[in-house]
Amino acid sequence: MRFEFLLPYSLDYNPIKLAFSAMKHHLCHDKLRLQMATEGRDDADVFAVLNDAIFTVTLKDAAGWFHKCQYL
């Protein structure tokens with residue numbers, strides 16, 4: 001594993017913001033499943049939906065965001 005020190009926080013150059021945006025996009029498109037999970041109040045269902053959203057972000061996505069934010 002390699003650590004990279006990032007520049008000071010900037011909204012314009014923030015790959016985390018782009019990752020959260022991609023996860024939010026997935027959650028908005030899977031609205032029915034998310035609504036069903038939260039209405040049932042079962043934490044496992046909510047975690048499953050969030051887990052799916054997290055794993056929609058690929059290594060290629062992350063590399064592209066870091067490139068766009070001029071970290072690479």
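Val-49 sits in helix α3, where helices (H or I, at least four residues) and strands (E, at least two) are DSSP runs numbered from the N terminus. This is a predicted model, in which local features need pLDDT of at least 70 and side-chain atom pairs count only at pLDDT 80 or more, while totals for chains, interfaces and linings use all residues. Residues are numbered from 1 along each chain as its sequence is written, and side-chain values use heavy atoms, with hydrogens and water left out.

**Around Val-49**

With a relative accessible area of 2%, Val-49 is buried; the word means under 20% relative accessible area, with exposed being over 50% and partly exposed in between (1.4 Å probe, protein chains only). Which residues does Val-49 touch, not counting those up to four places away in sequence? They are Leu-27, Arg-33, Leu-34 and Ala-37, a contact being heavy atoms within 4.5 Å. From Val-49 to Lys-31 the C-alpha to C-alpha distance is 9.8 Å, and the two are 18 residues apart in sequence.

**The nonpolar core**

Val-49 also belongs to the largest nonpolar core, together with Ala-19, Met-23, Leu-27, Ala-37, Ala-53 and Trp-65, seven residues in total. Such a core is a set of buried Ala, Val, Leu, Ile, Met, Phe, Trp, Tyr and Cys residues joined through side-chain atoms within 4.5 Å. Two or more residues come from each of α1 (15-29) and α3 (43-54), and α1 gives the largest share, three residues. Leu-27, another core member, touches Leu-34, Val-49, Leu-50 and Ala-53, again leaving aside residues up to four places away in sequence. In soluble globular proteins, nonpolar side chains tend to be buried together.

**Charged pairs**

Let's turn to Arg-33, one of the contacts of Val-49. The whole structure holds two salt bridges, each defined as a side-chain nitrogen of Lys or Arg within 4 Å of a carboxyl oxygen of Asp or Glu. Here are the pairs that Arg-33 forms.

| Salt bridge | Closest N and O atoms |
|---|---|
| Arg-33 with Asp-30 | 3.6 Å |
| Arg-33 with Asp-52 | 2.4 Å |

Because Arg-33 lies in helix α2 and Asp-52 in helix α3, their pair ties together parts that are 19 residues apart in sequence. Shared partners join Asp-30, Arg-33 and Asp-52 into one network of salt bridges. Arg-33 is partly exposed, at 32% relative accessibility, and Asp-52 is partly exposed too, at 31%.

**Cysteines**

Are Cys-28 and Cys-69 buried or partly exposed? Cys-69 is buried, with a relative accessible area of 1%, whereas Cys-28 counts as partly exposed at 40%. The number of disulfides is zero, taking a disulfide as a pair of cysteine sulfur atoms within 2.5 Å.

**The chain as a whole**

Stepping back, the protein chain has four helices and zero strands, in the pattern α-α-α-α along the sequence. Of its 72 residues, 15% are buried. Among contacts with a separation of 6 or more, 63% join residues 24 or more positions apart. The accessible surface comes to about 6100 Å², with 64% belonging to carbon and sulfur atoms; areas come from the Shrake-Rupley method with a 1.4 Å probe, and for residues only the protein chains shown count as cover.

As for confidence, pLDDT is the predictor's confidence in each residue, from 0 to 100. The chain has a mean pLDDT of 84, and 89% of its residues reach 70 or more. Confidence is lowest in helix α2 (residues 31-39), at a mean of 80, and highest in helix α4 (residues 59-68), at 92.
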